[in-house]
Each structure stands twice: as C-alpha cells, then as structure tokens.
Amino acid sequence: MKKKARTIILLMAIMAMGAALSAQAAPNADTIIRELERIMFPDAKAVATLHFQKAGESRTEDYGMIYYSRDKNQKIIVRMTSPASSIGNDILMMDNNVWSYDKGANRVMKVASNLSFGGTGFSYGDVVRLNFSDNYIPAIKGEDDESYLLELVQKDRTAPYYRIELWVAKKGGWPLKGIYYARNGSVVKEIAYSELRDLGTGRKPVTLVVTSPLDPGAVNVMSILREDPKELPERIFNKRNLETRMEDKL
Amino acid sequence: MLTPKLAFRNILAHGQRSRTMLIVVGLVSAVLFLFLSFSDGEIENLKSGVIALNEPATDIVVYGSGFKAANDRGEDWQHLSTRFIEDSSGILAQLRGLPFVKRAVDPTTAMTLDIIAAGKRHENFFMRGVDVEQPYLIKDRLRMSEGSFFDSSNRPQVILHYKTASTVGLRPGDRLRLSGKDLFGQVVSQEATLSGYFMGDQDNPSLGEIGFMNMAAYREVSGLGPAETMSLCVDLKRGTGKEGAIAKLSGWASERGYKLEFWDFADTPRSVRADDLLHTYGLFRTIIEAIVVIVLAIVAFGIMNVVSVNLYDRRREIGTYYCLGSEKAFLGRLYALEIAMLNFAASIAGILTGFGMGSLLNALDIRTETSGMQIAFGGSQFRLGFSIGSAAFIVAAILLVTLITAVSTIGSSLRVPPLAAMQDME
C-alpha cells in the first residue's frame with residue numbers, strides 16, 4: 001500500500017514537472033506581443049508609400065513619405081515626399097496627439113487623432129496608438145502549426161479598438177493578419193501583413209493591406225520601402241521641429 | 001435754463017424749417033434702424049436656430065469638479081474622463097426635485113461621425129444625443145418634415161436634416177450605420193434606424209451636417225458609461241436669479257457629497273462651430289454698421305448745409321440777439337442745443353417709426369426655404385430684431401453728426417454784425 005502511494009506521488013511529481021517544462025517552452029502572449037513590436041516598430045528612419053482607392057472610384061491616391069519613429073511608434077515625424085502638393089505638409093504624432101504643419105500658412109495645427117488620413121482606411125491615431133503592449137491585455141486564444149491566434153482586449157477605453165484578433169507567425173514572430181473589433185462586436189477593420197523582406201531592421205512583412213466591411217471595395221495599402229535602424233533623440237519630436245527639421249542634421 | 005427754453009421756442013417759431021429737418025433726420029434714422037434691425041434679426045435667428053441646435057442653451061451648466069478648468073487648459077480625454085459626472089441619472093432626478101429648478105437634462109456631447117447607408121459613406125455628421133424623456137432642448141427648435149421624432153423604444157435611432165435626404169438616399173425606417181471614433185478615440189460602428197428627417201424651426205444650410213440620435217444610440221457610440229456624462233443643463237423657474245441659484249446648488253451638492261461645479265451658461269465657452277458662425281455673422285454686422293456710418297457721413301453734409309442756410313436766413317434774429325447783449329458763445333450754445341434737440345427728437349421718432357415698420361414686416365411672417373436667403377436671414381424666417389444697442393447706436397451717431405455740424409457750421413454763421421437786425425428792418 002505504501003509502495004503504491006509512493007508510485008502515485010512520483011507520477012504526480014513527474015506530471016507537474018512536465019507541465020512546468022512545457023509552460024516554459026510555450027511563449028506567453030506578452031512575450032509574443034513584445035517580440036512582434038520589436039520587429040514591427042523599431043526606432044528607425046523609414047521610407048514608405050500609401051496607396052488608396054475608394055470604393056466605386058477609379059481615381060487612386062498615392063502618397064510618399066519618410067518617417068522617423070521611436071518608442072514603439074509612440075513618437076513619429078512624417079515628412080511627405082509626394083505628391084508635390086503634399087510636400088511640406090508634415091505630421092508629428094506623439095503620445096496620442098497629432099499635429100499637422102501647414103507649409104502654406106506656416107502654422108502647426110492640432111489634428112484629431114481619429115481623423116482619417118485623406119479620408120482613407122488609415123487614421124493618424126491608428127499609427128500612433130496601435131501600440132499593442134500599452135493598450136491591450138493579450139491572451140493566446142488558439143494556435144495551429146504556423147501561427148498563434150492572440151486575443152487583445154483593451155486595457156482602458158482610450159485604446160483605439162475594443163478588441164483585436166491577431167495572428168502571429170510562430171517562426172519569426174511577425175503579424176500575419178489582424179481583425180479589429182468595435183465594442184459591440186462588429187468588425188471594423190482587417191489588416192493583412194504580407195511580403196516578407198529584410199529592409200535593414202530584420203525580416204518582417206512590409207506591405208499592409210487594410211480592408212473594412214464598412215467600406216467594401218476600398219483598398220488601402222501601406223508599403224515600407226526602406227528602413228534604417230536609427231536611435232533618434234527625444235528632442236526632435238516637438239512641434240517646433242516640424243519647421244526646423246533637426247532630424248536632417250543627425 | 002434760459003438756453004433750453006430759448007432753443008425750444010426757436011424750434012416752435014421756425015415750425016416749417018424744424019418740420020423739414022425732423023422729417024429728413026427721422027427718415028434717415030428709421031432706415032438705418034431697420035438696417036441694424038435686420039442684422040439683429042440675423043443674429044437672433046442664428047442663436048435660436050443653428051447655434052441652439054449645435055449647442056443647446058440653458059441657464060446653468062453643471063460639470064464635475066475641476067472639469068471646466070481642465071477643459072479650458074486643453075487637457076486630453078484621459079485626464080478629462082476622470083472628472084466626468086458619475087451617477088448622472090441620480091443627480092438629474094434630484095435636481096428636478098429642487099423647488100427653483102424648472103427642468104434639468106443631460107445635453108450629451110456632440111460627436112463627429114460618418115453615416116454609412118446603402119454601401120456609401122457620408123462623412124462628418126455632427127451628431128448629438130437626445131434624451132427622449134426630456135427632449136425640450138432640441139425638440140422645441142425643430143419640426144419633422146418626414147417620419148417621426150424618436151419613439152420611447154430602446155432601439156438606436158437617428159434623425160437627420162431634410163436636406164440630406166437626397167444625398168443619403170434613406171427613407172424613414174431604413175437601417176444605417178454610424179461609424180467613427182467615440183469620445184475616447186476608440187473605433188465605433190453602430191447600426192441604427194432612421195426615424196425621420198427634421199427641419200430647423202429657424203432652418204439654415206449649416207444644419208445639413210447636424211444629426212441627432214436617441215440615448216440608446218448615443219450610449220453605444222459615445223464610449224461613456226450609462227450614468228456618465230460631461231455636463232448637465234439646468235433651467236431655472238421664472239424669477240430665480242442665476243447667482244442665487246448657483247450658490248444654492250453648490251450648497252446642495254456639497255451637502256450630498258457630490259463633487260460638482262455650477263456655471264452660468266453665459267460663462268461657459270462656446271463650441272468652435274458656434275464661434276465660427278457668430279464670427280461670420282459678426283462680420284456681416286460690421287459691414288452693415290460701416291454702411292450706416294457711411295450713410296450718416298453723407299447725411300452729415302446735408303444737415304450742415306441745411307443748418308448753414310437756416311442760420312443765414314436767420315441773420316436778423318442773430319443780430320437782434322447781439323443787440324440785446326448776447327455773446328457769441330451763448331448764441332453758439334443756443335443754436336447747437338436747438339439742432340441737438342431737434343435731431344435727438346427726430347432720431348427717436350425715426351427709431352419708433354422703424355420699430356413700427358419692422359413690427360409690421362415681422363407680422364407678415366415671411367419664410368423661405370431657399371438656402372441663399374436662409375444664409376442672409378440667419379434662419380428660414382425674415383425677422384427684424386430690435387435691440388437697445390442698435391437704437392443707442394443710431395441716437396449716438398445722430399448726436400455725433402449734430403456735434404460735427406455745430407462745430408463746423410455755427411461758428412461762421414454767427415459772424416453777423418448787430419446792425420443786421422436794423423438792416424433787415426429797413
């Protein structure tokens with residue numbers, strides 16, 4: 001009887017150790033998100049394009065830009081490079097606030113972060129505030145051979161979306177697809193991440209295609225063409241710098 | 001006392017000339033008063049129409065403690081949201097029970113939302129929530145042109161301005177989707193039913209971008225909790241002073257441990273939209289005032305001429321005054337007072353005539369649905385507003401013209417030798 005009990009205790013101990021070891025092997029949701037942010041939001045100088053086509057319209061809009069970012073995209077300066085009419089109308093996004101520089105009027109104006117960029121699927125705030133680790137509590141909801149399915153639920157009501165389902169590649173840790181939900185459960189946006197490339201900050205998807213059931217047929221594509229890792233000083237992220245362009249001298 | 005008596009006697013003695021002057025100055029005053037009344041009417045229409053629907057007016061505004069100061073400093077929502085009013089329904093119920101409170105309501109916070117209808121996105125509607133049980137802030141200022149106002153059901157409902165009907169292509173009862181960001185910047189997407197189309201009581205093309213939703217829709221899209229709000233509106237019973245009421249309300253709140261502030265509505269900042277509209281119509285007002293000044297400058301030359309001729313014709317009288325021992329300074333005062341009394345009476349008569357004509361025009365209740373005319377009128381009704389400010393402006397301007405006339409004309413006209421009295425007699 002005593003021997004039987006010892007065997008049971010031993011088996012239980014082995015099971016507990018196994019569970020502990022497997023828990024150590026599987027990354028938790030926080031680690032996955034932090035790794036994803038390291039890959040996707042490096043401190044860098046990047047060249048990107050935005051392509052928009054509204055539903056039912058043949059006319060497309062294309063913007064070229066250079067952006068400087070730090071602190072997981074919480075501080076960004078966007079310098080427009082095309083079209084010619086937009087050159088000089090630069091943007092500063094910082095801690096949930098967005099300012100736009102109007103070169104014609106030589107004035108900096110505060111812009112609501114919920115304004116869409118040129119009436120498109122991207123909003124100014126999406127870029128700055130779509131910071132997963134600060135705004136969301138992540139949890140692994142499922143997985144398959146290739147990816148983890150994470151569920152991110154808002155930490156508070158200032159998060160840009162109420163809930164996000166995010167598919168993250170097991171190998172590499174980059175995002176594959178995101179579905180963004182409003183509080184009432186309706187899907188408001190889907191982002192598909194594609195075209196893996198190493199532009200200088202590691203291999204990651206460089207094309208983001210945004211679709212929304214609210215604007216069926218509209219196409220919004222962001223492509224990163226170049227990305228140079230760069231430690232940018234905090235002092236360049238201020239309204240005055242929209243005019244003085246201190247980052248050019250770095 | 002002698003001078004006013006003599007001036008009055010002179011006015012009566014030269015009845016024909018005085019009457020002519022009275023009629024001319026009176027007519028000018030009447031026309032100019034009507035001009036200014038038109039501008040007053042525009043602004044009244046604007047305030048009771050577009051602005052009242054944009055930003056409901058009340059007597060006292062209630063905020064959470066420190067909210068107004070934080071809002072004035074431009075603090076962001078994260079900070080402001082810690083100063084919202086919680087338990088707003090409980091507080092409202094208690095406020096409505098106070099003896100000096102006529103009514104109280106949650107005015108809600110207007111938000112900019114897109115409307116998606118039949119697969120098309122219509123951007124930037126300025127949407128405000130309406131408490132169906134206390135809709136007076138909004139309902140008293142509009143009428144439904146199609147469909148009906150919100151019913152008491154809990155389904156999210158929306159009403160839009162009738163001029164958007166052709167753009168959004170919806171009929172009452174159709175479904176639409178409200179899309180945008182809530183007050184905290186979070187994406188919202190909410191289905192609702194179009195209850196109908198409204199027309200402002202003082203309609204204006206600017207109302208085209210305004211819409212209203214019931215509280216069921218507002219609670220979904222605002223991001224606020226069911227008992228949270230940024231402010232409350234309190235209307236006082238007739239005869240209740242605002243200052244006294246604010247003191248009583250502050251005492252009432254502190255007794256119950258509510259962290260609330262009470263402000264006179266007039267001291268609360270206007271929204272940017274209301275400011276922009278008032279600024280535009282303020283500019284119209286300035287243009288009208290400039291026209292009034294130009295007209296008065298032209299009239300001033302006419303009055304100078306008439307006064308000059310009058311005094312020339314009255315050389316015998318002036319000579320007689322000199323023979324009786326009057327001094328030039330006394331005569332200067334006498335004739336200046338005479339013109340001033342005459343012009344003052346004429347301007348008052350003109351204003352009263354303008355008031356009468358304006359009242360007649362208002363009684364005709366001229367209304368228009370043409371956008372251009374609505375912009376000109378500030379609303380859909382042609383209305384002349386009468387303000388003490390406009391009347392005072394006319395009287396002051398006429399008296400200024402009189403002063404200029406006196407300074408520029410009387411001095412030279414009094415250079416009459418005492419012998420003029422004798423010469424004329426011969």
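In chain A of this predicted model, residues 24 or more positions apart make up 43% of the contacts with a separation of 6 or more; two residues are in contact if their C-beta atoms, placed from the backbone, lie within 7 Å. Local features need pLDDT of at least 70, side-chain atom pairs count only at pLDDT 80 or more, and totals for chains, interfaces and linings use all residues. Residues are numbered from 1 along each chain as its sequence is written, and chains are lettered from A in the order in which they are written.

Chain A holds five helices and 13 strands (DSSP runs numbered from the N terminus: helices H or I, at least four residues; strands E, at least two). Of its 250 residues, 31% count as buried (20 or more other C-beta atoms within 10 Å of the residue's own; exposed, 12 or fewer; partly exposed, in between). Gln74(A) lies in the loop between strand E2 (60–70) and strand E3 (75–82). Gln74(A) is partly exposed because 17 other C-beta atoms lie within 10 Å. Gln74(A) and Pro233(A) are 159 residues apart in sequence and 13 Å apart in space, C-alpha to C-alpha.

Chain A meets chain B through 20 residues of chain A and 20 residues of chain B. The chain A side comprises nine nonpolar, eight polar and three charged residues (nonpolar: Ala, Val, Leu, Ile, Met, Phe, Trp, Tyr, Cys and Pro; charged: Asp, Glu, Lys and Arg; polar: the others, Gly among them).

Chain B is assigned domain 1 (2–51 + 274–425), domain 2 (58–106 + 228–269) and domain 3 (110–223), with bounds from an automatic or database domain assignment. The centres of domain 2 and domain 3 of chain B, taken over C-alpha atoms, are 26 Å apart. Their contact takes six residues from domain 2 and seven residues from domain 3.
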